[in-house]
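Dear colleague,

Please find the structure below for your own work.

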Amino acid sequence: MIWICLIFLSKSFSQSPQALSRIGLFLNDGVMYSDKYITPATDAAVYQSSSGWMTSPKKRKLYAVTLGIYGNAFFVPQSDRSFDISNSEFSFFTIQDLSGNPVSTTSGPVTMPTSLGGQSQYYLVGQLDDNNQIIMESPNGVNQESIIYPYLQGSISLWKGFEFAVKYSTKVNLKRGNYQVYGFALKHNLNQYFSGLNKRKINLAALIAYSKEDISFDFIDPITTFGTLGISKINGLVSTTQFQMSVSKEWKNFELMFSSIANYSDFKYEFGGEKGTIDEVITINNQTVREEFNKRLQSIYKNKYIGLVELSGRYQFSKFYVQSSVAFGKFVNTNLSVQYEF
């Protein structure tokens, strides 16, 4: 996922209006490309954070505590592993193949990997001025058909059918990046108000949750005549508010649950990594290259509503539970856990 980036800047490079204008076009192309590259991964992060929040909609005894170890598996669809892009979409760059041959403007779009995709087959080339050129290999993806990671989740039952839950994962290493999720939720049992449901062992509950997802990828690690740009990583920062309605039916030790989930997510993006040494030579609007990049990334911040459904089965033996769930929507996400109830 590293952009092999070579910026050939001669010692005669100056911050003339023309040169700064070309740098501005370079930044705009970088932001446009970043949007296409990382958005599939941040969309997928919402699905991963949404699953498994409710272990059961039934009302528990006061102060009952449940702790669980969870394994989450997200399956990357083929359609989100790549995107098409053409020369006409760039203001600064033109596309070359790995042999250095320009891609014809009449040959149509080429296929590039997203952050969830595989290996790149192209360079992006741009000219700052007569003496200075930028050549980049477009970034690779994680190249994984599934993303699997563990996390911990616990809950405690409160008064009047309320239950408080938290989930937390350490920073999980992907092949070329990291993923982390944490959050909390509040559940309220509803079938306590309907005696007929209790007699049929049907449980009903509502849940509201808030989670933070942080997904990062190696992006550009350039070495230039004057040093680095300081944008070797790109982060997708997602805040998700989730509303969930769940109904379940119990048969002895087995419980089958169906959930309808609606999410509202706020997506932000940020370049990071070690500070760029090129800042000693070039500044843009009195800001470093990375600061200007991050300022322009605000143009691709977005908010999204996402709906999905989840089917879950839970089996009890003694005080242990084994639970499996699968969530459907644009993506498919599965979850397997072992829980202990005190």
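Which backbone nitrogen does the side chain of Ser-157 reach at 2.8 Å? That of Ala-64. The side chain of Ser-157 also makes a polar contact (N or O atoms within 3.5 Å; within protein, one able to donate a hydrogen and the other to accept it, with residues adjacent in sequence counted only if both atoms are side-chain atoms) with the backbone oxygen of Lys-61, at 2.3 Å.

The model is predicted: local features need pLDDT of at least 70 and side-chain atom pairs pLDDT 80 or more, while totals for chains, interfaces and linings use all residues. Residues are numbered from 1 along each chain as its sequence is written, and side-chain values use heavy atoms, leaving out hydrogens and water.

Ser-157 belongs to strand E8 (residues 146–157); strands are DSSP runs of at least two residues, helices (H or I) of at least four, numbered from the N terminus. Ser-157 is buried at 2% relative accessibility (buried: under 20%; exposed: over 50%; partly exposed: in between; 1.4 Å probe, protein chains only).

The whole structure holds 10 salt bridges (a side-chain nitrogen of Lys or Arg within 4 Å of a carboxyl oxygen of Asp or Glu). One of them joins Asp-35 and Lys-302 at 3.0 Å, linking helix H1 to strand E15 across 267 residues. Asp-35 is partly exposed at 23%, whereas Lys-302 is buried at 19%. Glu-250 and Lys-58 also pair, at 3.3 Å, and both are buried. Finally, Asp-43, Asp-80, Lys-304 and Lys-330 form a salt-bridge network.

Kind regards
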